[in-house]
Amino acid sequence: MNTRFPFVDWFRNSSPYINAHRGRTFVILIEGEAIEEGRGEQLIQDLALLHTLGVRLVVVFGIRPQVQQALHAANITPRWHTGRWVADEAIMGCVERVAAEQRLWLEARLSLGLPNTPLHGVELTVVSGNLVMAKPLGVREGVDFDRSGEVRRVRATAVQGLLDRGSLVLLPPLGFSSTGEVFDLDAAEVAQHAAMALSADKLILLGEAAGLYDDSGAMQRQLTPAEVEPLLQQVEVGNEQARHIAAACAAARSGVARTHLLSWRDHDALLGELFTRDGVGTMITQHRYEQLRPAELADIGGLLELLEPLEQRAMLVARSRERLEHAIDDYLVIERDGMIIGCAALHRFDTADMGELACLAVHDDYRGGDRGALLLAGIERRARRLGLASLFVLTTHTAHWFVEHGFAAASIESLPPLRRDTYNHARKSKILVKTL
(Lines give C-alpha, C1' and ligand atoms only; values in the text may rest on other atoms or scores of the structure.)
Protein backbone atom coordinates (compact mmCIF):
# COMPACT_ATOMS: atom_id res chain seq x y z
CA MET A 1 0.00 0.00 0.00
CA ASN A 2 1.45 3.35 -1.05
CA THR A 3 1.24 6.45 1.09
CA ARG A 4 1.53 10.19 0.48
CA PHE A 5 4.23 10.26 3.14
CA PRO A 6 7.11 7.87 2.37
CA PHE A 7 8.47 8.19 5.90
CA VAL A 8 5.30 6.53 7.21
CA ASP A 9 6.15 3.27 5.43
CA TRP A 10 9.73 3.55 6.67
CA PHE A 11 8.47 4.13 10.21
CA ARG A 12 6.19 1.09 10.06
CA ASN A 13 9.02 -1.10 8.75
CA SER A 14 11.48 0.20 11.34
CA SER A 15 9.18 -0.16 14.35
CA PRO A 16 10.25 -3.77 15.10
CA TYR A 17 13.83 -2.54 15.35
CA ILE A 18 12.90 0.40 17.54
CA ASN A 19 11.35 -2.05 19.96
CA ALA A 20 14.20 -4.57 19.66
CA HIS A 21 16.93 -1.98 20.34
CA ARG A 22 15.31 -0.49 23.46
CA GLY A 23 17.42 -1.31 26.51
CA ARG A 24 20.24 -2.78 24.42
CA THR A 25 23.88 -1.80 24.80
CA PHE A 26 25.69 -0.46 21.74
CA VAL A 27 29.38 0.43 21.63
CA ILE A 28 30.01 2.92 18.81
CA LEU A 29 33.44 3.97 17.54
CA ILE A 30 33.71 7.32 15.78
CA GLU A 31 37.10 7.75 14.16
CA GLY A 32 38.80 11.13 14.41
CA GLU A 33 38.49 11.74 10.67
CA ALA A 34 34.71 11.99 11.04
CA ILE A 35 35.05 14.91 13.45
CA GLU A 36 37.83 16.44 11.36
CA GLU A 37 35.62 16.39 8.24
CA GLY A 38 32.68 18.06 9.99
CA ARG A 39 30.50 14.99 10.50
CA GLY A 40 30.38 15.37 14.26
CA GLU A 41 27.18 17.42 14.44
CA GLN A 42 25.14 14.92 12.41
CA LEU A 43 26.49 11.95 14.34
CA ILE A 44 25.66 13.66 17.63
CA GLN A 45 22.07 14.11 16.43
CA ASP A 46 21.92 10.40 15.59
CA LEU A 47 23.34 9.49 19.01
CA ALA A 48 20.77 11.71 20.71
CA LEU A 49 18.00 9.99 18.74
CA LEU A 50 19.26 6.54 19.78
CA HIS A 51 19.37 7.71 23.38
CA THR A 52 15.74 8.90 23.24
CA LEU A 53 14.77 5.46 21.88
CA GLY A 54 16.22 3.79 24.95
CA VAL A 55 19.54 2.54 23.57
CA ARG A 56 22.36 2.33 26.13
CA LEU A 57 25.33 4.02 24.47
CA VAL A 58 29.06 3.74 24.95
CA VAL A 59 30.87 6.03 22.49
CA VAL A 60 34.58 5.67 21.75
CA PHE A 61 36.26 8.45 19.78
CA GLY A 62 39.49 8.46 17.80
CA ILE A 63 41.95 11.34 17.60
CA ARG A 64 44.62 10.25 15.09
CA PRO A 65 44.28 13.09 12.53
CA GLN A 66 44.02 15.73 15.23
CA VAL A 67 47.16 14.42 16.94
CA GLN A 68 49.02 14.30 13.65
CA GLN A 69 48.14 17.96 13.05
CA ALA A 70 49.34 18.87 16.53
CA LEU A 71 52.61 16.98 15.98
CA HIS A 72 53.13 18.73 12.67
CA ALA A 73 52.50 22.13 14.28
CA ALA A 74 55.01 21.28 17.00
CA ASN A 75 57.54 20.07 14.41
CA ILE A 76 57.54 16.57 15.94
CA THR A 77 58.02 13.56 13.66
CA PRO A 78 56.75 10.35 15.29
CA ARG A 79 58.53 7.06 14.91
CA TRP A 80 56.25 4.34 13.52
CA HIS A 81 56.42 0.57 13.90
CA THR A 82 53.81 -2.05 12.90
CA GLY A 83 51.15 0.61 12.44
CA ARG A 84 51.63 2.36 15.81
CA TRP A 85 53.64 5.42 16.71
CA VAL A 86 56.09 5.28 19.59
CA ALA A 87 54.48 7.57 22.15
CA ASP A 88 57.40 9.25 23.86
CA GLU A 89 56.89 12.12 26.30
CA ALA A 90 56.64 14.77 23.56
CA ILE A 91 54.09 12.81 21.56
CA MET A 92 52.15 11.86 24.67
CA GLY A 93 51.83 15.52 25.59
CA CYS A 94 50.05 16.14 22.26
CA VAL A 95 47.91 13.01 22.66
CA GLU A 96 46.69 14.00 26.13
CA ARG A 97 45.93 17.57 25.08
CA VAL A 98 44.05 16.59 21.92
CA ALA A 99 42.11 13.85 23.72
CA ALA A 100 41.00 16.36 26.36
CA GLU A 101 39.98 18.90 23.72
CA GLN A 102 37.98 16.33 21.75
CA ARG A 103 36.32 14.95 24.85
CA LEU A 104 35.29 18.43 26.00
CA TRP A 105 33.95 19.29 22.55
CA LEU A 106 31.87 16.11 22.41
CA GLU A 107 30.62 16.55 25.97
CA ALA A 108 29.62 20.13 25.23
CA ARG A 109 27.72 19.17 22.08
CA LEU A 110 26.01 16.25 23.78
CA SER A 111 25.20 18.10 27.00
CA LEU A 112 23.60 21.29 25.69
CA GLY A 113 20.85 19.71 23.63
CA LEU A 114 20.63 20.16 19.90
CA PRO A 115 19.44 23.66 18.94
CA ASN A 116 17.54 24.05 15.68
CA THR A 117 16.90 20.32 15.35
CA PRO A 118 13.85 18.14 16.04
CA LEU A 119 15.72 16.86 19.10
CA HIS A 120 16.05 20.30 20.71
CA GLY A 121 15.68 19.97 24.46
CA VAL A 122 16.85 16.37 24.70
CA GLU A 123 19.10 16.13 27.74
CA LEU A 124 22.04 13.77 27.66
CA THR A 125 24.19 13.12 30.70
CA VAL A 126 27.66 12.35 29.40
CA VAL A 127 30.23 10.68 31.64
CA SER A 128 33.89 9.89 31.02
CA GLY A 129 36.75 8.97 33.32
CA ASN A 130 39.32 6.35 34.20
CA LEU A 131 37.17 3.50 32.87
CA VAL A 132 39.81 1.76 30.75
CA MET A 133 42.85 0.20 32.39
CA ALA A 134 45.95 -0.22 30.24
CA LYS A 135 49.44 -1.66 30.18
CA PRO A 136 52.46 -0.72 28.07
CA LEU A 137 53.14 -2.42 24.77
CA GLY A 138 56.67 -2.74 26.02
CA VAL A 139 59.49 -3.78 23.70
CA ARG A 140 58.36 -5.34 20.43
CA GLU A 141 60.87 -6.53 17.81
CA GLY A 142 63.54 -4.45 19.51
CA VAL A 143 61.42 -1.29 19.61
CA ASP A 144 60.49 0.22 22.98
CA PHE A 145 57.00 1.67 22.53
CA ASP A 146 57.35 3.83 25.65
CA ARG A 147 53.82 5.08 26.51
CA SER A 148 52.02 3.38 23.66
CA GLY A 149 49.83 0.82 25.34
CA GLU A 150 47.14 -1.83 25.02
CA VAL A 151 43.94 -2.43 26.92
CA ARG A 152 44.30 -4.45 30.09
CA ARG A 153 40.61 -4.35 31.02
CA VAL A 154 37.51 -2.20 30.89
CA ARG A 155 35.85 -1.44 34.22
CA ALA A 156 32.62 -3.08 33.17
CA THR A 157 30.82 -2.77 36.53
CA ALA A 158 31.44 0.96 36.65
CA VAL A 159 30.33 1.44 33.05
CA GLN A 160 27.20 -0.65 33.60
CA GLY A 161 26.33 1.44 36.62
CA LEU A 162 26.57 4.62 34.56
CA LEU A 163 24.43 3.13 31.80
CA ASP A 164 21.86 1.99 34.37
CA ARG A 165 21.51 5.62 35.47
CA GLY A 166 20.76 6.70 31.90
CA SER A 167 24.17 8.21 31.12
CA LEU A 168 25.99 8.10 27.83
CA VAL A 169 29.52 6.85 28.48
CA LEU A 170 32.32 8.50 26.49
CA LEU A 171 35.67 6.71 26.18
CA PRO A 172 38.78 8.41 24.77
CA PRO A 173 41.63 6.34 23.28
CA LEU A 174 43.52 6.56 26.55
CA GLY A 175 44.14 4.04 29.30
CA PHE A 176 45.32 4.27 32.88
CA SER A 177 47.60 2.03 34.88
CA SER A 178 47.54 1.16 38.56
CA THR A 179 50.78 3.13 38.91
CA GLY A 180 49.16 6.35 37.68
CA GLU A 181 50.49 6.39 34.13
CA VAL A 182 48.47 7.33 31.05
CA PHE A 183 48.89 5.32 27.84
CA ASP A 184 48.03 6.02 24.23
CA LEU A 185 45.62 3.36 22.95
CA ASP A 186 44.14 2.33 19.61
CA ALA A 187 40.53 3.53 19.57
CA ALA A 188 39.31 0.40 17.75
CA GLU A 189 40.90 -1.76 20.45
CA VAL A 190 39.17 0.28 23.16
CA ALA A 191 35.82 -0.19 21.40
CA GLN A 192 36.44 -3.92 20.97
CA HIS A 193 37.29 -4.50 24.63
CA ALA A 194 34.42 -2.32 25.83
CA ALA A 195 31.96 -4.33 23.74
CA MET A 196 33.40 -7.61 25.00
CA ALA A 197 33.49 -6.57 28.66
CA LEU A 198 29.91 -5.29 28.55
CA SER A 199 28.61 -8.22 26.49
CA ALA A 200 27.28 -5.53 24.18
CA ASP A 201 24.53 -6.30 21.73
CA LYS A 202 26.32 -4.37 18.99
CA LEU A 203 29.76 -3.01 18.19
CA ILE A 204 29.54 -0.35 15.48
CA LEU A 205 32.75 0.87 13.84
CA LEU A 206 32.39 4.09 11.84
CA GLY A 207 35.36 4.54 9.55
CA GLU A 208 36.26 5.66 6.05
CA ALA A 209 35.09 2.54 4.20
CA ALA A 210 31.39 1.73 3.73
CA GLY A 211 32.04 -1.95 4.43
CA LEU A 212 33.75 -4.92 2.81
CA TYR A 213 33.46 -5.85 -0.87
CA ASP A 214 34.02 -9.03 -2.87
CA ASP A 215 36.26 -9.29 -5.94
CA SER A 216 33.45 -8.08 -8.21
CA GLY A 217 32.92 -4.95 -6.15
CA ALA A 218 29.68 -6.10 -4.52
CA MET A 219 29.07 -5.14 -0.90
CA GLN A 220 29.30 -8.09 1.48
CA ARG A 221 26.33 -7.61 3.78
CA GLN A 222 27.05 -10.42 6.22
CA LEU A 223 30.22 -12.37 6.97
CA THR A 224 31.58 -14.58 9.72
CA PRO A 225 34.99 -13.97 11.35
CA ALA A 226 36.37 -17.00 9.48
CA GLU A 227 35.35 -15.42 6.18
CA VAL A 228 36.78 -12.00 7.03
CA GLU A 229 40.06 -12.76 8.75
CA PRO A 230 41.92 -13.81 5.55
CA LEU A 231 41.50 -10.18 4.42
CA LEU A 232 43.93 -9.17 7.16
CA GLN A 233 46.71 -10.72 5.06
CA GLN A 234 45.82 -8.33 2.20
CA VAL A 235 45.68 -4.99 4.01
CA GLU A 236 48.45 -2.86 5.44
CA VAL A 237 49.22 -3.54 9.09
CA GLY A 238 47.86 -0.82 11.33
CA ASN A 239 45.69 0.96 8.79
CA GLU A 240 42.09 1.70 9.66
CA GLN A 241 40.55 -1.21 7.79
CA ALA A 242 42.95 -3.69 9.39
CA ARG A 243 42.23 -2.32 12.86
CA HIS A 244 38.48 -2.42 12.32
CA ILE A 245 38.46 -5.93 10.88
CA ALA A 246 40.59 -7.24 13.75
CA ALA A 247 38.37 -5.56 16.36
CA ALA A 248 35.13 -6.76 14.73
CA CYS A 249 36.31 -10.36 14.41
CA ALA A 250 37.67 -10.53 17.96
CA ALA A 251 34.45 -9.10 19.37
CA ALA A 252 32.28 -11.48 17.33
CA ARG A 253 34.31 -14.49 18.45
CA SER A 254 33.99 -13.34 22.07
CA GLY A 255 30.22 -13.22 22.10
CA VAL A 256 29.27 -9.76 20.81
CA ALA A 257 26.16 -10.64 18.81
CA ARG A 258 26.70 -8.30 15.88
CA THR A 259 29.51 -6.03 14.75
CA HIS A 260 29.03 -3.50 11.97
CA LEU A 261 31.47 -1.77 9.60
CA LEU A 262 30.03 1.54 8.35
CA SER A 263 31.23 4.75 6.77
CA TRP A 264 30.88 8.04 8.57
CA ARG A 265 30.79 9.70 5.13
CA ASP A 266 27.29 8.27 4.60
CA HIS A 267 24.96 10.54 6.57
CA ASP A 268 22.34 7.77 6.75
CA ALA A 269 24.69 4.89 7.61
CA LEU A 270 24.17 4.62 11.35
CA LEU A 271 20.37 4.80 11.38
CA GLY A 272 20.08 2.93 8.08
CA GLU A 273 22.07 0.02 9.47
CA LEU A 274 20.08 -0.13 12.69
CA PHE A 275 16.53 0.40 11.46
CA THR A 276 16.31 -1.42 8.13
CA ARG A 277 16.29 -5.15 7.55
CA ASP A 278 19.21 -5.23 5.10
CA GLY A 279 21.31 -2.41 6.51
CA VAL A 280 23.83 -0.39 4.53
CA GLY A 281 27.25 -1.75 5.56
CA THR A 282 28.90 -5.05 6.44
CA MET A 283 27.86 -7.04 9.49
CA ILE A 284 30.24 -9.56 11.04
CA THR A 285 28.62 -12.13 13.26
CA GLN A 286 29.63 -15.51 14.58
CA HIS A 287 26.17 -16.83 13.74
CA ARG A 288 24.54 -15.84 10.48
CA TYR A 289 21.31 -13.88 10.71
CA GLU A 290 20.22 -15.27 7.35
CA GLN A 291 19.97 -19.03 7.53
CA LEU A 292 18.54 -22.00 5.68
CA ARG A 293 16.70 -24.29 8.08
CA PRO A 294 13.75 -26.70 8.38
CA ALA A 295 10.39 -24.95 8.65
CA GLU A 296 8.46 -24.84 11.90
CA LEU A 297 4.80 -24.27 12.70
CA ALA A 298 5.71 -20.77 13.87
CA ASP A 299 6.73 -20.01 10.26
CA ILE A 300 3.22 -20.51 8.82
CA GLY A 301 2.35 -16.82 8.93
CA GLY A 302 5.61 -15.87 7.21
CA LEU A 303 5.10 -18.57 4.56
CA LEU A 304 1.59 -17.34 3.77
CA GLU A 305 2.88 -13.77 3.43
CA LEU A 306 5.69 -14.94 1.13
CA LEU A 307 3.52 -17.12 -1.09
CA GLU A 308 0.43 -14.92 -1.47
CA PRO A 309 1.86 -12.55 -4.15
CA LEU A 310 3.09 -15.53 -6.21
CA GLU A 311 -0.27 -17.25 -5.91
CA GLN A 312 -2.03 -14.10 -7.06
CA ARG A 313 0.20 -14.06 -10.17
CA ALA A 314 -0.65 -17.74 -10.76
CA MET A 315 3.00 -18.71 -10.40
CA LEU A 316 2.14 -21.06 -7.54
CA VAL A 317 -0.89 -23.11 -6.63
CA ALA A 318 -2.71 -21.60 -3.66
CA ARG A 319 -1.96 -23.29 -0.35
CA SER A 320 -4.20 -22.91 2.66
CA ARG A 321 -2.94 -22.52 6.23
CA GLU A 322 -4.24 -26.02 6.98
CA ARG A 323 -2.35 -27.51 4.04
CA LEU A 324 0.88 -25.82 5.09
CA GLU A 325 0.46 -26.95 8.68
CA HIS A 326 -0.14 -30.54 7.59
CA ALA A 327 2.99 -30.61 5.39
CA ILE A 328 5.25 -28.29 7.40
CA ASP A 329 7.90 -31.01 7.85
CA ASP A 330 8.36 -31.07 4.06
CA TYR A 331 9.52 -27.43 3.94
CA LEU A 332 12.84 -25.64 4.16
CA VAL A 333 12.89 -21.88 4.69
CA ILE A 334 15.40 -19.07 4.47
CA GLU A 335 14.97 -16.78 7.46
CA ARG A 336 16.50 -13.32 7.41
CA ASP A 337 16.41 -11.51 10.72
CA GLY A 338 13.03 -12.99 11.64
CA MET A 339 11.47 -12.73 8.16
CA ILE A 340 10.81 -15.71 5.87
CA ILE A 341 12.26 -14.68 2.52
CA GLY A 342 12.43 -18.06 0.76
CA CYS A 343 11.04 -21.57 0.92
CA ALA A 344 10.92 -24.91 -0.86
CA ALA A 345 9.27 -28.26 -0.14
CA LEU A 346 10.10 -31.90 -0.81
CA HIS A 347 7.03 -34.12 -1.07
CA ARG A 348 7.56 -37.89 -0.95
CA PHE A 349 5.53 -40.71 -2.47
CA ASP A 350 5.44 -44.08 -0.73
CA THR A 351 5.58 -46.14 -3.92
CA ALA A 352 8.23 -44.17 -5.81
CA ASP A 353 11.92 -43.41 -5.48
CA MET A 354 11.42 -39.86 -6.76
CA GLY A 355 10.27 -36.80 -4.84
CA GLU A 356 8.51 -33.61 -5.85
CA LEU A 357 10.29 -30.29 -5.49
CA ALA A 358 7.43 -27.90 -4.80
CA CYS A 359 6.74 -24.35 -3.73
CA LEU A 360 10.23 -23.00 -4.51
CA ALA A 361 9.83 -19.29 -3.84
CA VAL A 362 12.03 -16.29 -3.01
CA HIS A 363 10.74 -12.90 -1.90
CA ASP A 364 10.83 -10.29 -4.68
CA ASP A 365 13.21 -8.06 -2.70
CA TYR A 366 15.79 -10.85 -2.31
CA ARG A 367 16.09 -12.34 -5.75
CA GLY A 368 19.39 -12.33 -7.60
CA GLY A 369 21.40 -13.60 -4.64
CA ASP A 370 21.50 -17.33 -5.47
CA ARG A 371 18.92 -18.06 -2.77
CA GLY A 372 16.91 -20.20 -5.18
CA ALA A 373 20.00 -22.32 -5.81
CA LEU A 374 20.59 -22.52 -2.06
CA LEU A 375 17.06 -23.85 -1.51
CA LEU A 376 17.42 -26.33 -4.37
CA ALA A 377 20.71 -27.61 -2.94
CA GLY A 378 19.08 -28.03 0.47
CA ILE A 379 16.19 -30.02 -1.03
CA GLU A 380 18.63 -32.19 -3.00
CA ARG A 381 20.61 -32.99 0.15
CA ARG A 382 17.42 -33.94 1.95
CA ALA A 383 16.31 -36.12 -0.98
CA ARG A 384 19.63 -37.98 -1.05
CA ARG A 385 19.43 -38.63 2.68
CA LEU A 386 15.99 -40.15 2.11
CA GLY A 387 17.37 -42.42 -0.61
CA LEU A 388 15.50 -40.80 -3.51
CA ALA A 389 16.94 -41.27 -6.99
CA SER A 390 15.42 -38.20 -8.66
CA LEU A 391 13.37 -35.05 -8.25
CA PHE A 392 10.57 -33.72 -10.42
CA VAL A 393 9.02 -30.27 -10.55
CA LEU A 394 5.89 -28.85 -12.16
CA THR A 395 6.23 -25.24 -13.29
CA THR A 396 4.42 -22.74 -15.49
CA HIS A 397 6.82 -19.79 -15.33
CA THR A 398 10.36 -20.86 -14.49
CA ALA A 399 11.19 -23.88 -16.65
CA HIS A 400 14.37 -22.25 -17.99
CA TRP A 401 15.74 -21.74 -14.47
CA PHE A 402 15.24 -25.40 -13.64
CA VAL A 403 16.87 -26.49 -16.91
CA GLU A 404 19.87 -24.32 -16.04
CA HIS A 405 20.07 -26.21 -12.74
CA GLY A 406 20.15 -29.71 -14.19
CA PHE A 407 16.50 -30.56 -14.83
CA ALA A 408 15.28 -31.99 -18.14
CA ALA A 409 11.85 -32.01 -19.74
CA ALA A 410 9.81 -35.15 -19.12
CA SER A 411 6.35 -36.52 -19.84
CA ILE A 412 3.44 -37.06 -17.47
CA GLU A 413 4.14 -40.79 -17.62
CA SER A 414 7.37 -40.22 -15.68
CA LEU A 415 5.46 -39.00 -12.61
CA PRO A 416 4.57 -41.27 -9.69
CA PRO A 417 1.05 -42.70 -10.16
CA LEU A 418 -0.51 -40.63 -7.37
CA ARG A 419 0.92 -37.39 -8.75
CA ARG A 420 -0.01 -38.36 -12.29
CA ASP A 421 -3.64 -38.79 -11.22
CA THR A 422 -3.75 -35.34 -9.56
CA TYR A 423 -2.00 -33.47 -12.40
CA ASN A 424 -3.99 -30.33 -13.28
CA HIS A 425 -4.30 -30.38 -17.06
CA ALA A 426 -5.86 -26.92 -17.06
CA ARG A 427 -2.63 -25.34 -15.74
CA LYS A 428 -0.53 -27.12 -18.39
CA SER A 429 2.47 -27.14 -16.09
CA LYS A 430 5.74 -28.24 -17.63
CA ILE A 431 7.23 -31.39 -16.10
CA LEU A 432 10.96 -31.50 -15.46
CA VAL A 433 13.06 -34.21 -13.81
CA LYS A 434 16.56 -34.23 -12.33
CA THR A 435 18.54 -37.37 -11.53
CA LEU A 436 20.33 -37.18 -8.21
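C343 counts as buried at 0% relative accessibility, where buried means under 20% relative accessible area, exposed over 50% and partly exposed in between (1.4 Å probe, protein chains only). The model is predicted, so local features need pLDDT of at least 70 and side-chain atom pairs count only at pLDDT 80 or more, while totals for chains, interfaces and linings use all residues. Residues are numbered from 1 along each chain as its sequence is written, and side-chain values use heavy atoms, with hydrogens and water left out.

A search of the whole structure finds zero disulfides, a disulfide being a pair of cysteine sulfur atoms within 2.5 Å.

| Cysteine | Relative accessible area | Nearest cysteine sulfur |
|---|---|---|
| C343 | 0% | C359, 4.0 Å |
| C359 | 4% | C343, 4.0 Å |

Strands here are DSSP runs of E with at least two residues, and helices are runs of H or I with at least four, both numbered from the N terminus; two strands pair if DSSP finds at least two bridges between them. Strands β21 (residues 390-395) and β23 (residues 430-435) pair in the antiparallel sense over six bridges, and L394 stands opposite I431 in β23.

Strand β20 holds E356, which is buried with a relative accessible area of 8%. The side chain of E356 is joined to that of R419 by a polar contact of 2.9 Å, the term denoting a pair of N or O atoms within 3.5 Å in which, within protein, one must be able to donate a hydrogen and the other to accept it, and residues adjacent in sequence count only if both atoms are side-chain atoms. Leaving aside residues up to four places away in sequence, E356 touches several residues, including L346, F392 and L394, contact meaning heavy atoms within 4.5 Å.

As for nonpolar packing, the largest nonpolar core has 45 residues, and those with the most contacts inside it are I28, I30 and L50; such a core is a set of buried Ala, Val, Leu, Ile, Met, Phe, Trp, Tyr and Cys residues joined through side-chain atoms within 4.5 Å. Helix α5 (residues 89-111) gives the most to this core, with eight residues. A second, separate core of 38 residues includes V58, V190, I245 and A248.
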